[in-house]
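We will go from one element to the next, then out to the whole chain and across to its partner.

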Amino acid sequence: MTRDLLTGNAAAAWGARLAEVDYVPAYPITPQTEIIETLAQFIGQGALDARLVTLDSEHSMLTAAGAAAAAGARVFTATSSQGLLYALEMLYTVAGWRVPLVLVNVSRGIAAPLTLEPDHDDVLAARDCGFVQIHAATAQEVLDSVLIAHRLSEDPAVLLPVLVNLDGFHLSFTREPVEIPDPNAARAFLPPRALQEASFGVSHGVAQGVAVLGGSAYSFFRYQMQRGAEAALERHEALVGEFEQRFGRRYGLVDARYLDDADYVLVMSNSLSGVGLAEVERLRAAGARVGLLRLRVIRPLPQRELRRLLLGRRAVGVIDQNLSVGKGGILFTEVASALAGPGAPALRSFVSGLGGRRFQSGEFDRMLASLQRAEQEGGSPEPELLWTDAEERRMRELLRVAGHVASQERNDAA
Amino acid sequence: MSAVPHALRLHGRGGQGVKLASHVVSRSAFLAGAWVQDSPLYGAERRGAPVVASVRLADRPIPERGTIEAPDAILVLDASLLGQPEAAVLEGVGEDTLAIVNTPEDASSLQRRFELPGRVVAADLSSLALEVVGSARPSAPAAAFAVRALSIASWEALEQALRIELGDAGIAGELLARNVECARCAFERAPVLGFPTRRPRPVAPSLPCVIPRLPAREAAPSILVPATSELRSTAGWRVFRPEIDLQRCTRCALCFALCPEGAIHLSADATPWIDAVHCKGCLVCAHECPTEAIVTLREATP
């Protein structure tokens, strides 16, 4: 074991290196490119015996990844944002093939307007495709999750691809201390992939993902994906137990902080939950019984765990760094449905962090006050879009510079 | 026309005009003032493969959708489908379902042979089409026969429907005229029965089954062994069967090379032979044979 400063991207590449992957189909996109560059460097140095192939698009990249996985290779690939959306058709397809592979997504807001900074509209667009989704909060968790993801994906009860998500910029380009496991220890946790009977090769063909006209056969295979995802929840618990024994770090389906006595709980995901944790600690120091729940495994959604931890609370607020236009926060909807029934707490929905928007410290006081009101007034499905006067004034100025005449000025001129 | 929709399900083979026949039936009823709905079940259509279409008729908007599960009547354009379970011609067919079958066989023999539970009306519409139109495609006479037998519409409405629907299918001039004439013969030949009065079906209890969690490899939509298509006979797809006259055959092997189904094989001495189980009757071989050594024979009804 060594300790070094790694970006989230380098940590992802280290995860693939320690997983001793065989094949890396690649297509670059900011803020993911560093992962591919780092892996190319590892391969060039002879530190990783893998084949890295640049494809013509993310769509082809995922097709190649799925085909190589079906042939028995351990496959790692990575993308972001527009690239993930371009590959979306093939995400559904390779998940339906029931082949194991790991895809890292480096979250970035989706155009238009164009941005490079993070939010989770990209990764949550791939929510329903059959990939298991693990959302990491630190560079250490990125590296560890890539190892866990390969084990989980290759588990014979699961055989679904696994996506590991990390925030662009906040994590992808941010260096922090990371413990890099010893290669032998990593190999003991994740041995070389056992070749499956169903793998195809030059000597034995397999028809993969055949047509099944007739709703019953189609339903059967889709229901089996649901069963595989349910198995992933159970297998994850066993795997992280073994991981903790070997490496001393524990990863739950969710990361629960200060929940023992919490009347109010804020739900977040990914790297800005660190910001949320610091704010929760500040509010607790001022006497508020508030806790933080970070969603880590988002598909399959650990509904039983959410009910165990959140039913009976006075109020729960979900902070979404995504926006389902016309509805609101996606994770709010997910959490609300998981908590439906008797004992459900009053729920509030907050949207922030779009395109890398920073949280204001005072917004956490506002959100806590909103939860305290919700306890009296009841919950609400309407999302509160976090926004400040200072931002509003700045946007007015930018719009003026861009040639938009404010409606007040237009009225004056007339 | 009734409040509860009348339901006619059509069965045939790709190329017979099953969908066209369903359009003619529904258009006739539409022109006669009914509310109608027609829908073909599309799959991997190929000439000769089983095809299904549904027609519903009522005096008001029809809430049901999809393939008819319990038909009041079925119209079978190819009787050989009755012997093929995967074609599901008899699905939902009960004692009070009327079966109209295009076949030279007589109705009682057909009823015994396939254990048909309800009333059967047989008519040799393919021979009629061959005779009047010059093609074995029975869509127009079959539609006309059904319109008359089920009392769906008058000849005037049917004729207009034929001109509209066959016209939309690109059939015009002499060919259209012959089809209309053929339909007229079928219309006049049909017994007038009307839709049978069906007893309401009790709702079958739904027995829940918990989807098991299978090992993931078994749960994947993959086929691990080769040549599963050999298990399926496509002999019934043929209207005509090719036969090789070995006296005229020069062993040039063109038929072997050009058969799109790989159903023509060569013996050790290069003599070609036809795999009758997998030949679909496309007749490419007969068309291409340079010495015209391949003859075509109409498939006899067994």
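Start by selecting β6(A), helix α7 (residues 139–154) of chain A and β7(A): together they make a right-handed β-α-β unit. Right-handed here means that, with the strands pointing away from you, the path from the first strand over the helix to the second runs clockwise. Helices (H or I, at least four residues) and strands (E, at least two) are DSSP runs, numbered from the N terminus.

A word on the model before moving on. It is predicted: local features need pLDDT of at least 70, side-chain atom pairs count only at pLDDT 80 or more, and totals for chains, interfaces and linings use all residues. Residues are numbered from 1 along each chain as its sequence is written, while chains are lettered from A and ligands numbered from 1 in the order in which they are written.

**Stop 1: β7 of chain A**

Select residues 162–167 of chain A. This is β7(A), and six of its six residues are buried (20 or more other C-beta atoms within 10 Å of a residue's own, with C-beta atoms placed from the backbone). Show the side chains. A:V162, A:V164 and A:L166 point one way. A:L163, A:N165 and A:D167 point the other way.

Strand β5 (residues 102–107) of chain A runs parallel to β7(A), joined by six bridges. Look for A:V102 opposite A:V162. Strand β6 (residues 132–135) of chain A also pairs with β7(A) in the parallel sense, over four bridges. There, A:Q133 stands opposite A:L163. Strands count as paired if DSSP finds at least two bridges between them.

**Stop 2**

A:F76 has A:V102 as its bridge partner.

**Stop 3: all of chain A**

Zoom out. Chain A has 15 helices and 16 strands. Its C-alpha atoms fill a box of roughly 75 × 55 × 55 Å along the principal axes. Of its 414 residues, 47% count as buried.

**Stop 4: the contact with chain B**

Which elements of chain A each supply at least two residues of the side that touches chain B? Select α5 (88–97), β9 (207–208) and α9 (215–247). In total the contact takes 25 residues from chain A and 15 residues from chain B, where contact means C-beta atoms, placed from the backbone, within 7 Å. The largest share of the chain A side, six residues, comes from α9(A).

Next, select strand β7 (residues 222–223) of chain B. β9(A) pairs with this strand in the antiparallel sense over two bridges. A:A207 has B:I223 as its bridge partner.

**Stop 5: the sheet of chain B**

Finish in chain B. Six strands form an open sheet in the order β2-β3-β1-β4-β5-β6, with mixed pairing. The edges are β2 (35–41) and β6 (120–123). Select β1 (residues 6–13) and β4 (residues 73–76): four bridges join these parallel strands. B:L8 has B:A73 as its bridge partner.

How values were computed: Two residues are in contact if their C-beta atoms, placed from the backbone, lie within 7 Å. A residue is buried if 20 or more other C-beta atoms lie within 10 Å of its own, exposed if 12 or fewer, and partly exposed in between; C-beta atoms are placed from the backbone.
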